[in-house]
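Subject: Structure for you to look at

Hi,

Here is the structure I promised to pass on. Please have a look at it first, and then read my notes below.

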Amino acid sequence: MVEGRLGHAATLAIGSVVVAIAVLALKAAAWWLTGSVALLADALESVVNVAAATAALVAVRFSALPADANHPYGHAKAEYFSAVLEGVLIVVAALLILNESWRALAAPRAPDQPALGLAISALASGANAAWAMHLMKHGRALRSPALVADARHLWSDVVTSAGVIMGVGLVAATGILWFDPLLAALTAGNILFSGFRLLRESVGGLMDEAVPAATLDRIRRIVAEQAEGAIEAHDLRSRHAGRFTFLEFHLVVPGAMTVAQSHEICDRIEAALKAELDTAIITIHVEPEGKAKHTGVPVL
């Protein structure tokens with residue numbers, strides 16, 4: 001099952017590269033036809049999209065490598081490096097757009113062939129939006145930080161393109177030339193926010209953040225339900241590493257319980273947790289009742 005997921009993730013990453021190149025070609029054509037600075041900014045971000053999609057592909061393929069002597073926990077964290085890189089690229093793209101907007105605001109000009117340029121840009125944006133929805137859905141299902149980051153990057157590009165199309169359309173309709181760079185600058189601000197949020201989440205993954213509170217509550221409930229015969233569970237710790245969730249805790253059992261009996265409880269807990277978290281890696285440290293931290297409390 002895991003191998004199938006990895007293959008699916010790699011296929012999606014390849015698809016992202018293909019879509020990014022096609023969208024870049026369309027947006028470059030739209031800019032070449034119109035000379036619009038907003039469309040130039042849009043094309044600049046698509047250059048970043050190609051680089052980000054390529055980085056995601058490399059990260060997904062690298063993260064699929066099996067554990068080895070130097071990486072006994074596998075290579076899943078490679079996807080977070082890709083996500084961090086994408087966050088940085090998003091921020092860089094936003095700054096480039098802001099720079100182009102400022103220059104155009106100082107010397108605005110009317111776009112050439114705006115109708116054709118807008119039609120091409122809208123086609124590119126539609127392709128981006130469709131692929132972003134597809135990528136987000138499957139990236140979340142596969143628990144792939146690199147694919148989810150790429151999907152968010154594409155969504156920021158869709159937002160950018162919407163602002164650009166509005167700007168060029170308003171310039172063509174009203175003749176007010178500063179609409180073009182102004183809306184490009186506003187959409188760049190939204191891209192900056194998206195990039196910083198992605199950086200924060202990706203760095204959190206590299207720093208071994210715990211699973212979300214709701215997931216942790218489900219884990220505690222499962223342990224409590226499946227640990228019949230034990231006295232308590234304590235020191236529960238969790239972290240994410242790409243598609244994997246690492247869990248560890250201490251399970252206190254009666255001193256007279258045999259190793260086989262305590263092992264049976266551990267097997268039952270692990271089976272239930274893996275049914276809830278398909279890619280969970282679980283470590284349970286069994287302790288005698290003298291190690292219990294609470295009195296009269298069953299499994300926590």
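A word on terms before the findings: buried means under 20% relative accessible area, exposed means over 50%, and partly exposed is in between, with a 1.4 Å probe and protein chains only. This is a predicted model, so local features need pLDDT of at least 70 and side-chain atom pairs count only at pLDDT 80 or more, while totals for chains, interfaces and linings use all residues. Residues are numbered from 1 along each chain as its sequence is written, and side-chain values use heavy atoms, with hydrogens and water left out.

Salt bridges

A search of the whole structure turned up 3 salt bridges (a side-chain nitrogen of Lys or Arg within 4 Å of a carboxyl oxygen of Asp or Glu). In one of them, glutamate 276 and arginine 218 meet at 2.6 Å, N to O. This pair links distant parts of the chain, with glutamate 276 in helix α8 (residues 259-276) and arginine 218 in helix α7, 58 residues apart. (Helices are DSSP runs of H or I with at least four residues, strands are runs of E with at least two, and both are numbered from the N terminus.) Glutamate 276 counts as partly exposed because its relative accessibility is 36%, and arginine 218 is partly exposed at 29%.

Glutamate 225 and arginine 221 also form a salt bridge, at 3.8 Å, N to O. They are 4 residues apart in helix α7, so about one helical turn separates them.

Arginine 237 pairs with glutamate 248, their closest N and O atoms being 2.6 Å apart. At 54% relative accessible area arginine 237 is exposed, whereas glutamate 248, at 34%, is partly exposed.

Helix α7

Which residues of α7 are buried? They are Thr215, Ile219, Ile222 and Val223. These residues cover an arc of only 100° around the axis, which puts them on the same side of α7 (the arc is that of the directions from the helix axis to the C-beta atoms). On the other side of α7, Ala213 and Glu225 are exposed.

Aspartate 235 has a positive phi of about 55°, although it is not a glycine. You will find aspartate 235 in strand β1 (residues 232-241), and at 39% relative accessibility it is partly exposed.

Best wishes
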